[in-house]
Amino acid sequence: MSAQSQDTAVSTGRITRALIYLVLLLFTLFYLLPLYVMGVNSLKPLAEITGGNMMALPQIWTFDAWRSAWSTAQIGIEPTGLKPYFLNSILMVVPAVTISTIVGALNGYVLTKWRFRGDTWVFGLMLFSCFIPFQIVLIPMAMVLGKLGLAGSVPGLILVHVVYGIGFTTLYFRNYYAAFPTELVRAAQIDGAGFFRIFWRILLPVSGPIAVVSVIWQFTNIWNDFLFGASFGGTSQPMTVALNNLVQSSTGVKEYNVHFAGAILAALPTLLVYIVAGRYFVRGLMAGSVKG
Amino acid sequence: MGFLDIRNVTKSYGAVEVLHRVDIAVEEGEFLVLVGPSGCGKSTLLNMIAGLENISGGEIAIKGRVINGVHPSKRNIAMVFQSYALYPNMTVGQNMTFGLEMHGVPKPERDKALAEVSKLLQIDHLLDRKPGQLSGGQRQRVAMGRALVRDPDVFLFDEPLSNLDAKLRVDMRTEIKKLHQKLRTTIVYVTHDQIEAMTLSTRIAVMNKGYVQQLGTPKEIYDTPANVFVATFMGSPAMNIVPATVRLREGVPHAELTDSEGQTRHLRFSQPGLAAWDGRDILLGIRPEAITDPEGADRKSGNIQALPNRVGVTEPAGSDTFVTMSLSGRDIISRMRADVNVQPGQMFDFAVNMEKAVAFDPKTEERIAP
C-alpha cells in the first residue's frame with residue numbers, strides 16, 4: 001500500500017514540484033512588491049513620481065533622495081535628516097537588547113536549574129508581562145521615569161525596553177534551558193563550579209541559537225517601537241518617531257522619494273539582523289519543542 | 001566505624017518520608033551496590049551522599065568527618081551519572097580536568113593526572129574530541145575518567161551502564177570490576193539491574209519502598225534472602241515461591257504440595273528447625289536452578305528429592321532450557337541443561353535440591369529457614 005503511493009508520488013513528482021515552485025514564486029513576487037516600489041521610487045527625482053507610473057523603473061537614476069533623507073531633510077523644525085535619530089536608535093537598541101538578553105538568560109538559568117519554592121509562580125507572572133499592552137503602562141512608566149530623573153533620555157528608553165523585554169527573553173531562555181540536562185549542572189557542582197561559573201562555562205557556550213532568537217526578537221521590537229519612543233523619547237527620539245515626523249509633515253511639498261528612502265533606512269538594521277542571524281532563528285525557536 | 005558511614009539517614013519531602021532510617025557502614029575499598037526497583041530510594045540515597053540532596057535526618061560521614069551540609073565539591077567524592085553528563089562544549093581533556101581546574105590545581109599537575117588516567121582507561125587518543133563525537137562506550141569511559149582524575153575518597157555511580165546496549169553493558173561491567181580490583185577504591189553503585197549488582201559488588205543493599213530490605217554479600221543475598229521481596233527481586237528467572245504446608249513424617253519436616261494432577265507430594269526439608277512449624281502454612285522458595293532433571297542434579301547436594309510432575313512449557317534458551325510445571329496452583333520454572341530431552345505434556349521426574357530451599361512466613365513474608 002505504502003509502496004504504491006510512493007510510486008505515484010514519484011511519477012507525478014515533476015509536475016507537482018513545478019506547480020509548488022510556481023505558486024511560491026508568485027507569493028514571493030507579491031511579497032516583495034512593496035520593497036520594489038520603495039526601492040525604485042527612492043531612486044527617482046520627485047517629478048517622475050508625481051507625473052508618472054509608480055511601478056516603472058527610474059528614467060534618471062539619482063541618490064539625491066537618499067542623501068536628503070539621511071542628512072538634510074526637514075524633521076520637525078530642524079533640517080537634520082534622519083542621521084541623529086538613527087544614532088539615537090542605535091544608542092538605545094544596543095544596550096537594551098544586550099541587557100534584556102543577559103537578564104533573560106540569567107532568569108532562565110535560575111528558573112530551571114536553581115529552582116526555589118514558588119518559581120513557577122514567578123515565571124507565570126513574568127510570562128504575564130508579555131501580554132500587557134504597551135498603552136496600559138504609559139502613565140505609570142512616565143511617573144517612574146520622572147522619579148528616577150530619566151524622563152526624555154536614552155537611558156530612560158533603555159530602561160523601559162529592558163523592563164518590557166525581560167518577560168520575552170526569560171520565556172525563551174527558560175524553555176531552552178528546561179531541555180538542558182540538569183545532571184550537567186550537578187556534575188559541575190561536584191566538580192566545584194559555582195553559580196556564575198556554571199552559567200558562564202557550561203550553559204552559555206551552548207546557548208547560541210536561543211541567544212540569536214532573543215537578540216532578533218528584542219532588536220526588531222525595540223527598533224520598531226514607536227509608542228515608547230514618542231512618549232518617553234523627549235529630545236532623544238528614536239528613528240521611528242523621526243520617520244513619522246518626516247512622512248507626516250503637513251507643510252511643503254510631499255517628497256515621496258525622500259520618504260521612501262527614509263523608510264528603507266529605518267528598516268535596514270532589522271533587515272540586516274535577519275539576514276545575518278536568520279537561519280539560527282528558526283532553529284532556536286524549534287529548540288526544546290522536539291526532543292533529540 | 002567504617003570509611004563511609006550512613007547513620008540512621010532519612011529523607012522526607014514535606015510530610016512524606018521516602019527513605020527510612022538507613023544504616024550502612026562501608027569499609028575502605030568496598031564495592032557497595034544499592035539495588036532495587038524504581039522509586040525505592042536508591043538514587044536519593046546516592047544523591048544525599050553526593051550532597052545533591054540534603055539530609056532530612058541522621059548523618060553521613062566520610063573518613064569520620066560528618067558531611068551533612070558540606071558542599072558537594074568539598075566532600076572529596078566523584079560521581080558518574082547515568083547520562084554521563086559530559087560538558088558538550090568542552091573537549092574530552094577539558095571535561096576530565098574541569099574539576100581539577102575548579103579546585104585550583106596548577107596546569108602541569110592537571111596534565112599529569114589526565115595523562116595517567118586517560119592511559120589507564122585507553123582514551124588517550126580521544127582527548128581532543130568533543131563528547132558528541134564519541135560512541136556510547138567511549139563516553140562512559142570519559143565519564144569514569146573524569147571521576148578518577150580527581151582521586152576522590154568515594155566514587156558514586158548512578159546507573160552508569162543503563163544507557164548502553166546489551167553487549168557493551170557486559171563489557172563495561174567487566175571493565176568496572178577490573179578497575180576496582182586494580183585501584184581498590186571505595187565505590188557506591190546504584191542500579192536496578194540485579195545481575196550488575198551480583199557481579200560487581202562486594203556487598204549489596206537491596207532496597208524497596210525506602211527501606212533497606214537486606215544488606216549482605218551477593219552470596220548471602222542470593223542463597224538466604226531475608227524476605228520474599230529480596231528472593232523474587234534478585235535472580236533471573238526469579239525464585240519460585242509456592243504455598244506449602246509443613247508436615248512431620250517420622251520426625252522430619254517435609255513440604256506438602258499438590259502437583260498438576262491433584263496428587264499430594266512431600267519434599268523433605270534439610271532444615272530440622274522447621275519441625276516447629278508442623279501443620280502450619282509456609283511459603284516455599286526454590287531457585288529455578290535447584291529444580292533439574294535427575295542427571296543434571298547437583299552431585300554435592302545431600303538432599304535431592306524426586307518430584308514427578310507434568311511438564312507445562314519448555315523454553316530452550318541456548319545455554320539452558322527452562323521447563324515450567326504447576327505446583328499448588330503456581331507456575332514453577334526450572335532451569336535444566338540445554339540438551340535435556342523434555343516434551344511438553346509428558347510426565348517427568350523433576351529433581352529438587354532441597355538443600356537450597358528457603359522457607360518464608362506467609363504473613364510477614366520474612367525468612368524462617370534456613
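Okay, let's start in chain B, with an open sheet of six strands in the order β13-β12-β11-β14-β20-β21, paired antiparallel. At its edges stand β13 (264-268) and β21 (367-369) of chain B, each pairing on one side only. Ignoring direction, neighbouring strands in this sheet are turned by 45° against each other on average.

Some housekeeping. This is a predicted model, where local features need pLDDT of at least 70 and side-chain atom pairs count only at pLDDT 80 or more, while totals for chains, interfaces and linings use all residues. Residues are numbered from 1 along each chain as its sequence is written, and chains are lettered from A and ligands numbered from 1 in the order in which they are written.

On terms: strands (E, at least two residues) and helices (H or I, at least four) are DSSP runs, numbered from the N terminus. Two strands pair if DSSP finds at least two bridges between them. Angles run from 0 to 180 degrees between N-to-C directions, with axes as lines fitted to C-alpha atoms, for helices over the stretch in contact.

Strand β14 (residues 281-286) of chain B is joined to strand β20 (residues 358-360) of chain B by three bridges, running antiparallel. There, B:L284 stands opposite B:A359 in β20(B).

Next, the stretch around β17(B). Strand β16 (residues 304-316) of chain B pairs with β17(B) in the antiparallel sense over four bridges, and B:P316 has B:T321 as its bridge partner. Three residues sit between the strands of that hairpin, and B:G318 takes a positive phi near 90°. On to β18 (residues 330-337) of chain B: eight bridges join β17(B) to this strand, again antiparallel. One bridge pair has B:S326 partnered with B:D331 in β18(B). This hairpin has two residues between its strands, and B:S328 in the turn has a positive phi of about 45°.

Strand β4 (residues 57-62) of chain B is joined to β5(B) by two bridges, antiparallel, and B:R65 is the bridge partner of B:I62.

Now domains, whose bounds come from an automatic or database domain assignment. Chain B is given domain 1 (4-233) and domain 2 (240-369), with C-alpha centres 38 Å apart. Seven residues of domain 1 of chain B are in contact with eight of domain 2 of chain B; contact means C-beta atoms, placed from the backbone, within 7 Å.

Chain A gets domain 1 (2-67) and domain 2 (83-286), and their C-alpha centres are 32 Å apart. Here nine residues of domain 1 of chain A are in contact with eight of domain 2 of chain A. On the domain 1 side, α2 (13-42), α3 (46-51) and α4 (64-72) of chain A each supply at least two residues, and α2(A) gives the most, with four.

A quick look at α4(A): its buried residues are A:A65, A:S68 and A:A69. Why are they on the same side of α4(A)? Because they cover an arc of only 95° around the axis, the arc being that of the directions from the helix axis to the C-beta atoms.

Last, the two chains. 13 residues of chain A are in contact with 17 residues of chain B. On the chain A side, helix α9 (residues 182-191) of chain A gives the most, seven residues. That side divides into eight nonpolar, two polar and three charged; Ala, Val, Leu, Ile, Met, Phe, Trp, Tyr, Cys and Pro count as nonpolar, Asp, Glu, Lys and Arg as charged, and the others, Gly among them, as polar.

Conventions
Two residues are in contact if their C-beta atoms, placed from the backbone, lie within 7 Å. A residue is buried if 20 or more other C-beta atoms lie within 10 Å of its own, exposed if 12 or fewer, and partly exposed in between; C-beta atoms are placed from the backbone.
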